[in-house]
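Let's take a walk through a protein model together. Keep the picture in view and find each spot as we get to it.

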Amino acid sequence: MTKTFPMIAKTLPGLEPVLEQELTALGANNIQIGRRMVSYEGDLKMLYKSNLYLRTALKVLRPIYEFDAEDIDILYTTLLHFDWSQWLTADMTFAVDAVVYSSTFKHSRYVVYKTKDAIVDYFREQTGGTKRPSVKLSNPQLIFHLHIAEQHVTLCLDSSGESLHKRGYRANAGGAPIKETLAAAIGDVMRVRRAAQVCDPCCGSGTMLIEAALAAKGIAPWRLR
């Protein structure tokens, strides 16, 4: 039997209903709209399909641990006792990012710092201080994402890496370029389809036209990445 698990697709505010429609068309299960995100369930194939085909998603995350923390010390201690060896080995590289909406945790950088400490200290305890994974900001092997809403903490694996609005086709951008995810959503709302004729007289770097063409031809937006 195929193993399914929860996933979260992050998006721009206001694009959640469009992303929900995309996930429905992709075959995701238990879809629920949230704040700047849509949660759903699927298998590993769905995780890959989400990264390849979703046009309005910024990140695809896989939640792996949830808990409540009343302060930064409890956050550190709880993460220290999490079984990081399920996902990471001492010879791998990793990075951490965080999004914080909390009156308790006011500095996302400090949350990231304490999370990194917890991961490193966990492996130091496991190996007697001889080996530990390394923090690498550029192209790490794993990225952990921490989301804190007041005192509720969700730890996720970031399956996307760079934001998915970076399609890979843009060499240079004009002034104030529209995000590719927003351009794709506008095209979807306008029901741009294969037979439609699209004209953008103020096209700038052509993002809306490119996204409309990709959608009309059914080309996966991230095939160039």
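Which residues form a negative surface patch? Look for Asp68, Glu70, Asp71 and Asp73, which make up that patch. Keep in mind as you look that this is a predicted model.

Let's pick one member of the group, Asp73. You'll find Asp73 in helix H3, which covers residues 72–80. Its relative accessible area is 51%, so Asp73 counts as exposed, because the cut-off for that label is over 50%.

Now hop over to helix H4, made of residues 108–127, where Lys114 sits. Here's a charged residue in another kind of setting: is Lys114 buried or exposed? Lys114 is buried, and yet it has no salt bridge. The nearest side chain of opposite charge belongs to Asp117, 4.6 Å away. What does Lys114 touch, then, once you leave aside its neighbours within four places in sequence? The answer is Ile72 and Tyr76.

Last stop: Ile219. This residue is in the segment after helix H6, the helix that runs over 207–217. With 27% relative accessibility, Ile219 is labelled partly exposed, because that value falls between the under 20% of buried residues and the over 50% of exposed ones. Leaving aside neighbours within four places in sequence, Ile219 is in contact with Arg55 and Leu214.

Note on methods:
Residues numbered from 1 in each chain as written. Predicted model: local features only at pLDDT ≥ 70, side-chain atom pairs only at ≥ 80, totals over all residues. Heavy atoms only, no water. Patch = residues over 30% accessible without salt bridge, like charges linked within 9 Å, V, L, I, M, F, W, Y side chains within 5 Å. Areas by Shrake-Rupley, 256 points an atom, 1.4 Å probe, with all protein chains shown as cover. Salt bridge = Lys/Arg side-chain N within 4 Å of Asp/Glu carboxyl O. Lys, Arg positive; Asp, Glu negative; His and termini not counted. Charge placed at Lys NZ, Arg CZ, Asp CG, Glu CD. Helix = DSSP H or I, 4+ residues; strand = E, 2+ residues; numbered from the N terminus. Buried < 20%, exposed > 50% of the residue type's maximum accessible area, 1.4 Å probe, protein only. Contact = heavy atoms within 4.5 Å.
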